[in-house]
Amino acid sequence: MERYIIAGPRKLVGKVRASGAKNAVLPVMAATVLTRHCCIIHDVPYLKDVYVMSDILQTLGCAVELMKSSTEGNSLIVDPIRVVSHEVPEELMRQMRSSIFLMGPLLARLGRVKVSYPGGCAIGPRPIDLHLRGLRALGATITERAGYIVAETDGLRGCEIHLDFPSVGATENIMMAAVLAKGTTIIRNAAKEPEITELQNFLNAMGAKVKGAGTDLIRVEGVDELGPAEHTVIPDRIEVGTFMVGAALTGGCVEIINCIPEHVQAVTAKLREAGAKVTEGKSTITVEANDRPLAIDIKTLPYPGFPTDMQPQIMALMCIANGTSVITETIFESRFKHAEEFRRMGAKIRTEGRVAVVKGVPSLSGASVEVSDLRGGAALVLAGIAAEGVSVIEDIHHIERGYEKFDEKLRGLGAAIERSSR
Ligand code: EPZ
């Protein structure tokens, strides 16, 4: 098993470039199945989830080429002319949540799809009922048996769908299924995350007619076929937020380049409330902190509220805050596994259901901790950099699913972090 060895305390100081967004590139890659023409995607982060999505596309019949390009990120070419299989192998489905994004495109392209339940971070049950309800509304017949889901249609037809919850994945899956349906589809209570707008932009670059992404009402006018597209992935707003918190937590000064300040407004507001100095440029953000952070309350909400994917990182900051903070996780049922690990580092945290009460301590101590999910793992790394002494972060494969060159970027900012195999 791979691990990080971290010696603290260190201040994070310097400049770091955010990679392309994991949660944007994965649905965009799935959407290439909707066309028979070549697609080129730039600033693709080299992450395990991208490799798994590439494997899925190749299993379906696509030709996929990942190209190491210059410092400005990597490019990916997908040639989906030969999509011949409608089945996503279980061993690939189980590796990540995003594998479910193949349902909409395969249904639209081939009229059938066979998948198993997707994998993903252990942050609570990850149902897909909203995905299936939307696809049924579009005219798919869906049967679930022996752990498999088979969906078939003799042609998807536009309809009106009202999501019970603004699910990011369900919004994306329904959008992709609807672009080749007959007629118009309206998605109400749609997710408003920037990754939804990103998918709309990519679909429209292929010739689709999607409007309204970024609002809670998305309108898709079905077209007969799609063409080729070239697209550059937006910066990863959660990676940006993670480095912002790292600067505040270590009392450093970090400038993040290749970012969209608008996408991290909620994180900026909370860091300013906690006493950090945040300066926004056109495509940069600089966070500087000299004093101990103030304790603040946080509640995670759908975008543009405070992102659930930043909850573990802000909890790390509150561990050393001056005062007591209350953190409420409204999106996922059990996304506090990192609290137990912070306690091993000397944090004072009590969790009750979806609420965590964090009583700030002057500093954390290095410890050996276990990673159980992507963002909790990243938060533990930040805590290890700020803590006094050596920390060993076990099972870092979770982290490397979502952070490209994480240890390399942190070393570039002055962290004493090394990767090692046990
Ligand atoms: C996406 O997951 C992200 N993953 C998650 O990021 C992120 O935390 C989440 O959106 C919320 O922002 C990707 O984009 C690959 P949801 P997704 O559907 O689509 C419930 C990371 O760390 N729900 O918006 O799975 C669900 O249980 C990952 O990068 C249903 O009940 O999130 C959850 O409580 C972690 N039925 C809530 O909605 C459904 O059919 C939000 O889920 C679907 C979801």
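Helices (H or I, at least four residues) and strands (E, at least two) are DSSP runs, numbered from the N terminus. The views below come from a predicted model, in which local features need pLDDT of at least 70, side-chain atom pairs count only at pLDDT 80 or more, and totals for chains, interfaces and linings use all residues. Residues are numbered from 1 along each chain as its sequence is written, and side-chain values use heavy atoms, with hydrogens and water left out.

View A. Let's start with a single side chain. Setting aside neighbours within four places in sequence, the residues in contact with Thr171 are Leu163, Ile187, Ala190, Ala191, Ile196 and Ile218; contact here means heavy atoms within 4.5 Å.

**View B. Helix α4 under its cover.** Helix α4 spans residues 103–110, and six of its eight residues are buried. These are Met103, Gly104, Pro105, Leu106, Leu107 and Arg109. Among the elements that cover them are the helices α1 (22–31), α2 (48–60), α5 (129–137) and α6 (168–178), together with the strands β6 (112–116) and β8 (148–152). Just after α4 comes Gly111, whose phi is positive at about 85°.

**View C. Helices α10 and α11 packed together.** Two packed helices are described by the angle between their axes and the distance between the axes. Helix α10 (residues 311–319) packs on helix α11 (residues 337–344) at an angle of about 30°, with the axes 10 Å apart. Therefore α10 is roughly parallel to α11. Axes are lines fitted to C-alpha atoms, for helices over the stretch in contact, and angles run from 0 to 180 degrees between N-to-C directions; those under 35 degrees count as roughly parallel, over 145 as roughly antiparallel, 65 to 115 as roughly perpendicular and the rest as oblique. From α10, the residues Gln311, Pro312, Met315, Ala316 and Cys319 meet His338, Ala339 and Phe342 of α11. By class, this contact of α10 with α11 holds six nonpolar residues, two polar and no charged ones.

**View D. Where domain 1 meets domain 2.** An automatic or database domain assignment supplies the bounds, giving domain 1 (2–18 + 235–421) and domain 2 (22–232). Their contact takes 24 residues from domain 1 and 28 residues from domain 2. The C-alpha centres of the two domains lie 30 Å apart.

**View E. Two cis peptide bonds, at Pro9 and Pro304.** Most residues other than glycine have a negative phi, and most peptide bonds are trans. The bond from Gly8 to Pro9 is cis, with omega near 0°, and Pro9 belongs to the loop between β1 (2–8) and β2 (13–17). From Tyr303 to Pro304 the peptide bond is also cis, with omega near 10°; Pro304 is placed in the loop between β17 (298–299) and α10.

**View F. Positive phi at Asp395 and Lys405.** Asp395 is not a glycine, yet its phi is positive, at about 60°. The loop between β22 (389–394) and α13 (397–400) holds Asp395, which counts as buried at 12% relative accessibility. Lys405, in the loop between α13 and α14 (406–412), has a positive phi near 50°. With a relative accessible area of 44%, Lys405 is partly exposed.

Note on methods: Buried means under 20% relative accessible area, exposed over 50%, partly exposed in between (1.4 Å probe, protein chains only). Ala, Val, Leu, Ile, Met, Phe, Trp, Tyr, Cys and Pro count as nonpolar, Asp, Glu, Lys and Arg as charged, and the others, Gly among them, as polar.
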